[in-house]
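Subject: Structure handover, pockets and cavities

Hello,

Please find the structure below.

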Amino acid sequence: MGGKPAGEEAYGKPVKHDPSFRGPIKSRGCTDVICCVLFLLFLLGYAALGVVAWAYGDPRQVLYPRNSTGAYCGMGANKDKPYLLYFNIFSCVLATNIIAVAEHGLQCPTPQVCVSSCPAALWVVSQGELSLTVGEVFYAANRTVCRPGVPWDMPVLQSLEQDLCPSFLLPSTPALGRCVPYPNSTQFEFPGIPGNTSINQGISGLLDSFSARDISVKIFEDLAQSWYLILVALGVALVLSLLFLLLLRLVAGPLVLVLILGVLGVLAYGIYHCWKEYQVLRDRGASITQLGFTTNLSAYRSVQETWLAALILLAVLEGLLLLMLIFLRQRIRIAIALLKEASKAVGQMMSTMFYPLVTFVLLLICIAYWAMTALFPSCEAVPVNASCDPMAQPTNSSCPGLMCVFQGYLSTGLVQRSLFNLQIYGVLGLFWTLNWVLALGQCVLAGAFASFYWAFHKPRDIPTFPLGAAFLRTLRYHTGSLAFGALILMLVQIARVILEYIDHKLRVAQNPVARCIMCCFKCCLWCLEKFIKFLNRNAYIMIAIYGKNFCVSARDAFMLLMRNVVRVVVLDKVTDLLLLFGKLLVVGGVGVLSFFLFTGRLGLGQDLESRPLNYYWLPIMIAVLGAHVVASGFFSVFGMCVDTLFLCFLEDLERNDGSAARPYFMSKALLQILGKKNAAPPAGKGKKP
């Protein structure tokens with residue numbers, strides 16, 4: 001008779017004992033070869049994309065300004081003219097926004113020319129100069145501010161009508177390669193400019209999407225003055241993170257107990273507060289029947305039913321947490337013991353704590369390479385055959401403001417026509433390589449920590465260079481498996497990006513049904529991404545230990561976790577709570593220290609005492625963000641260590657029984673918690689420490 005398997009059989013059979021198993025398998029072969037070949041071919045195409053970007057791309061667009069003819073200032077024929085001058089800065093008042101700046105740069109609907117220096121004094125064309133020639137008014141006075149090619153004998157009036165020369169010049173200063181007038185210049189009446197338009201309005205239109213020059217200078221001064229103190233704060237964050245992780249072996253138990261009691265205390269206070277609010281509103285007779293339905297959510301705070309519902313919810317959570325503490329106390333003790341064991345593993349292999357630097361460098365390389373390949377010329381803004389001569393008079397008399405201004409390059413070449421597809425390929429390359437680098441870090445750390453757990457005599461049986469051996473082993477045999485997992489995750493992330501783009505477009509329509517459906521899709525994809533990250537993480541641990549392909553490793557890891565699902569939930573929540581407290585401790589400590597440092601209250605920075613910072617909150621924010629990055633890097637290693645040791649612990653329970661032939665590899669603390677012990681060490685091994 002057949003039937004549905006009961007108990008643990010529903011999630012696969014327990015791992016059988018293998019007398020030859022002693023940790024990460026040395027003799028292994030390449031896994032997921034097909035995916036490895038596809039990934040390498042993709043990387044070759046990504047490299048070819050970089051060659052195309054180098055050959056056809058133009059990074060000068062973001063480095064140098066361009067005049068109305070499309071020529072770069074400070075290069076080529078304009079080598080001695082590094083600054084861009086706007087004929088009419090006031091046309092920038094309503095012409096620029098963040099989207100326009102992102103797509104076309106700092107472009108205003110006014111002629112622009114490259115100049116060797118910005119005007120130092122105010123100058124306006126007088127009535128008497130309108131009958132003179134350009135050479136007499138501009139060239140003879142060393143005013144080289146007309147468009148290139150304007151003849152000497154052209155009348156000034158004609159040059160002004162065709163926007164070939166400016167009708168006025170303002171005292172300006174270089175900023176971002178542009179000549180920006182001084183905001184506090186004296187007010188004058190200019191030809192063709194409304195009297196209520198000020199220089200400040202023109203500048204704000206031009207630099208609306210950028211920080212003001214004065215603020216930028218002050219920020220630069222603050223950073224130049226306080227950079228060494230920022231490094232001190234980051235050093236403190238590093239030391240605090242290391243001390244917290246290394247001391248967990250001593251304080252993990254009391255700390256977890258304090259945190260759990262703190263959560264219980266917060267819930268108890270919430271119940272008390274809800275009860276007091278409910279009593280007050282009940283005595284007043286404030287009921288939801290009087291309020292009715294309203295979209296003002298804050299109004300529901302004044303009715304008794306809201307506080308009664310909150311009281312019931314908090315009471316249920318408090319009861320569930322107390323029940324879990326009573327019935328799951330054994331598993332909580334196991335989680336604490338694993339945290340202590342992870343702290344010991346980190347202490348034995350301190351090099352693993354600095355592996356995030358390798359991951360950070362690789363991620364930086366991937367992002368920088370993608371940024372370089374993305375610097376293609378903008379080719380989609382100009383229709384084909386829409387060309388003009390900047391020196392010719394516009395023929396469309398019905399459009400009085402028509403002028404010939406450079407906008408972009410024609411899309412006639414193969415590369416230019418394929419620009420969108422190449423950009424999509426670059427985005428796919430960015431996501432795939434970033435996920436692969438993160439997967440590499442997880443698999444390498446898992447291999448190193450697994451060698452710690454499966455060492456019977458610690459630290460004698462731990463390999464000499466566990467991190468280096470795991471790194472080489474992962475690169476040699478499992479590049480394809482990492483690429484497979486990264487590809488699956490990339491597809492989900494790309495789908496999320498597409499949904500975000502569609503949602504951004506639908507916001508204009510204000511269709512509540514469509515937005516609700518879109519929100520559900522986004523929530524589902526977010527959950528799917530979280531699940532895939534969790535599955536990939538445990539699959540990489542199994543790959544590092546057994547050297548099997550991605551699908552088999554993911555299945556084995558999932559089945560093993562499902563056979564111990566309660567232990568998984570308890571360990572995950574205890575670890576998350578502990579690491580959250582550690583991050584708050586590190587970031588909060590660095591934040592308080594930074595406040596006293598950058599406000600000059602500690603007396604460590606003599607420069608800060610004699611000359612206070614303009615914006616002391618800026619280096620504080622940088623130090624706090626840097627501390628968060630440092631703590632996240634260290635704690636990610638510790639989290640990977642806990643997950644690896646946990647999977648090894650579960651397999652140890654299934655593989656071994658404590659007999660002489662099948663001894664446990666776990667620590668004595670875990671054996672005591674489980675009420676188990678090794679009967680006798682195997683022959684030739686001696687006693688386990």
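The largest cavity has a volume of about 90 Å³. A cavity here is a set of points, on a 1 Å grid over the protein atoms alone, where a 1.4 Å probe fits but cannot get out; points are joined across faces, edges and corners, and a volume is the space filled by probe spheres set on them. This is a predicted model, in which local features need pLDDT of at least 70 and side-chain atom pairs count only at pLDDT 80 or more, while totals for chains, interfaces and linings use all residues. Residues are numbered from 1 along each chain as its sequence is written, and side-chain values use heavy atoms, with hydrogens and water left out.

Lining residues (an atom within 4 Å of a point) of the largest cavity include Leu85, Phe87, Phe168 and Cys179. At least two come from each of β1 (83-86), β4 (168-169) and β6 (178-181); strands are DSSP runs of E, at least two residues, and helices runs of H or I, at least four, numbered from the N terminus. Nine of the lining residues are nonpolar, one is polar and none is charged (nonpolar: Ala, Val, Leu, Ile, Met, Phe, Trp, Tyr, Cys, Pro; charged: Asp, Glu, Lys, Arg; polar: the others, Gly among them). In total there are four cavities of 30 Å³ or more.

The largest pocket (an open set with protein on both sides within 12 Å along at least five of seven lines) holds about 1,700 Å³ of space. Its lining has 49 residues, with Gln442, Arg537, Ser632, Ser636 and Val637 closest to the centre. By class, the pocket lining has 29 nonpolar, 13 polar and seven charged residues.

Regards
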